[in-house]
Amino acid sequence: MTRSLGQTPNFEGWRAAILHRPHEMVKAMTRQLERFGIRGEACWPNLLAAEPDGEFDILFFDADMGHESQFCWGPGEAPIPTIALIGSEAPGRVAWAIAQGADAHLLKPVGSAGIYAAILLATKAFEKRQALVDETEKLRARLSARECVAAATAQIMMSDNVDAGEAYRRLRLMAMRERRTIEVMSAAILKTVGGGVARNDSA
Amino acid sequence: MDAQGASRRGAFVVLGDLSVVQAKPTIPLGVLFSNSGPYANLGREGLGGALTAIAEINNSDRFAFEFSPQVRDPKGSIEAYAPLCREIVSDTGAHFVVGCTTSWSRKEVIPVLEKTGAQLWYPCPYEGFESNDHVVYVGACPNQHAVPLLDHIVPAFGASVALVGSNYIWGWETNRIAREHVEAVGGSVLSERYVALGDTDIAYIVEEIARKKPDFVFNTLIGPSSHAFVRAYAELGRVDRAFSPATRPIVSCNWTEHEIDELGEDAAGHFSVAPYFQSMTGAANARFLAAARDYAGASRVSAFFAQSYSAVYMIAHGVAATKSWNTDAVLAHAQSHDFEAPFGPVRIDGRNNHAVLAPHIGRANANGQFEPAGPQAVPVLPDPYLASRPFVQSVFVDAHAEQTGRTAAQHLKVVK
């Protein structure tokens, strides 16, 4: 049984923005963040005003009185982990917090407990989300290069007089030898034959 | 004690003007420890320490008030803690409660504290990762127990370890910190085993250790499980000297004088860490031991006793100095004034409500006492979230540094 896995997170040097109107709760949150090594900075009514000297690492935002123009990014596009501070559980407000892409939430009033776990959850959720975005972008790029791969395969079929399967195998081998992706290799082949897709007019 | 003052509420009214009061006003003080159940041996230590301090204070001319101890016994039942805490606060009007041994029980009473504004003075070592505004942590957190213990043990014995623990958060989290520590210095965890609270069927754990030969055993077992393990390990050591304490010791973060006394020869040579050991020299400890003997009939005491005793005194000094029983004022006093505890001056760190404590490494002898074994102990600032620590970077930090292009800061140990 292994119960001792997981490393102790270290947030030393982090800056947290607390986007909430001035309130005792914000002071309590700042105090608690300091215990984790995080400098909390209250800002209201918007994020930009409190960001003169650098980036924040995490954002707590008020879901009760919050609105989109407070952020310097579009809904769901926060470049840092975000945690919604939820007072009203009315579906509209929760939906708004979801639309902002909150990675975790805390119920108000926020006391001494909960912030640490919320930061861990939000940080992990954000990492996963970022990894998915990166993966999706990669797949999109590959998808758009598919036509290019098909053309390069056809080129090899013609030049080497082989079938499609063998042509693709040779393309892949070439890419491996040159330590390139198949997509980059395909583009290079097409470039050497004049930048266009060779046509088999007799086909 | 109540007979000396007016009613409990009346006592509070006159407290604001102590100079004109003839009879000493009485202040209710909650005392919430388990006097029976699976960890009663530790609960009794907390109880004894609190009652000793209360008796001493009540007999002293230095204090213009008396504490009326409001003692409740949850008997080790987790469900009983919150109702009994509520009863103390609601029925007796107590603002302060000294109590709880396990983290589970502490977490049970926190909602009551938050609702009522009462303050818990928690006198035991725990696994950290908490800092509640309604709790004052008088015991050690990991950077004051596990970390200094490993700092001493790993260079002396090696960095391969067997982890054994009771199957609950103290065992899991303290062992997690030990794993992180040894892996950060290139060591390894050779085995990791947990047993249910109270379970004494541990022969298979000792067999595994005999097979894997770790440099030392990190033990977070509690109560009968711990005793059974130490006895079985001592038996192994008698058969095979490669497992003697001189070669492969057991190290613990919460071992007390009572436990090693019960184990006798079997405990001798193994290590513990605590802010207090009975064997400490000095006039303050001598006075404290005399009080423990006189008021609690205790000839053997541990850090649990000394910390509970100190918690009551810190409250008393706060009440006396501020002429108030306001929890914020009393805490502020403890944050700005040293209390001369039996183990030296102690103060509460205003940043996280934990005590600044000097971790002492002790090596058990066969007479139920710990002998000084480590370097000279120096006060260590409490860092309950290990926010500033000497070992490895976290995955979060690594990922974060990659994203932001920042280099993570050098981590320094908080030692003052």
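Me: What should I keep in mind about the model and its numbering?
Reply: Residues count from 1 along each chain as its sequence is written, while chains are lettered from A and ligands numbered from 1 in the order in which they are written. The model is predicted, so local features need pLDDT of at least 70 and side-chain atom pairs count only at pLDDT 80 or more, with totals for chains, interfaces and linings using all residues, and side-chain values use heavy atoms, leaving out hydrogens and water.

Me: Back to H6(B), then. How many residues has it, and what span does it reach?
Reply: H6(B) contains 16 residues and reaches 22 Å from its first C-alpha to its last. That is close to the 22 Å expected at 1.5 Å a residue, where the expected span is 1.5 Å times one less than the number of residues.

Me: How many of the 16 residues of H6(B) are buried?
Reply: Twelve of the 16 are buried, which leaves H6(B) mostly covered. Buried stands for under 20% relative accessible area, exposed for over 50%, and partly exposed for anything in between (1.4 Å probe, protein chains only).

Me: Which residues of H6(B) are those buried ones?
Reply: Among them are Trp170(B), Gly171(B), Ile177(B), Ala178(B) and Val182(B). The buried residues of H6(B) also include Glu173(B), Arg176(B), Arg179(B), Glu180(B) and His181(B).

Me: And what covers the buried residues of H6(B)?
Reply: The cover includes helix H5 (146-157) of chain B, together with strands E6 (160-166), E7 (188-195) and E8 (216-220) of that chain.

Me: Let us turn to E1(B). Which way do its residues point?
Reply: Thr26(B), Pro28(B), Gly30(B) and Leu32(B) point one way from E1(B), and Ile27(B), Leu29(B) and Val31(B) point the other way. All of these residues are buried.

Me: How many residues of strand E1 of chain B are buried overall?
Reply: Seven of the seven residues in strand E1 (residues 26-32) of chain B are buried, so the strand is largely enclosed by the rest of the structure.

Me: In which sense does E1(B) pair with strand E2 of chain B, parallel or antiparallel?
Reply: The two strands pair in the parallel sense, over seven bridges, with E2 spanning residues 66-72 of chain B. Pairing requires that DSSP finds at least two bridges between the strands. Within this pair, Ile27(B) stands opposite Phe67(B) of E2(B).

Me: Now Thr52(B): buried or exposed?
Reply: Thr52(B) is buried, at a relative accessible area of 1%. Its place is in helix H2 (residues 40-58) of chain B.

Me: What does Thr52(B) contact, leaving aside neighbours within four places in sequence?
Reply: Thr52(B) is in contact with Ala291(B), Ala292(B), Tyr295(B), Ala296(B), Phe305(B) and Tyr309(B). Contact means heavy atoms within 4.5 Å.

Me: On to backbone geometry. Which peptide bonds are cis?
Reply: The bond from Trp44(A) to Pro45(A) is cis, with omega near 10 degrees. Pro45(A) lies in the loop between strands E2 (38-43) and E3 (58-62) of chain A. The bond from Lys108(A) to Pro109(A) is cis as well, with omega near -5 degrees. Pro109(A) sits in the loop between strand E5 (104-107) and H3 of chain A.

Me: What is the phi of Arg179(A)?
Reply: It is near 55 degrees, a positive value in a residue other than glycine. Arg179(A) is in the loop between helices H5 (164-177) and H6 (182-192) of chain A, and it counts as exposed at 79% relative accessibility.

Me: And what is the phi of Lys323(B)?
Reply: Lys323(B) has a positive phi of about 50 degrees, although it is not a glycine. This residue belongs to the loop between H11 and H12 of chain B and is partly exposed, with a relative accessible area of 47%.

Me: To finish, what does the secondary structure of chain B come to?
Reply: Chain B has 13 helices and 15 strands. Of its 416 residues, 61% are buried. Among contacts in chain B between residues at least 6 apart in sequence, 67% join residues at least 24 apart.

Conventions
Helix = DSSP H or I, 4+ residues; strand = E, 2+ residues; numbered from the N terminus.
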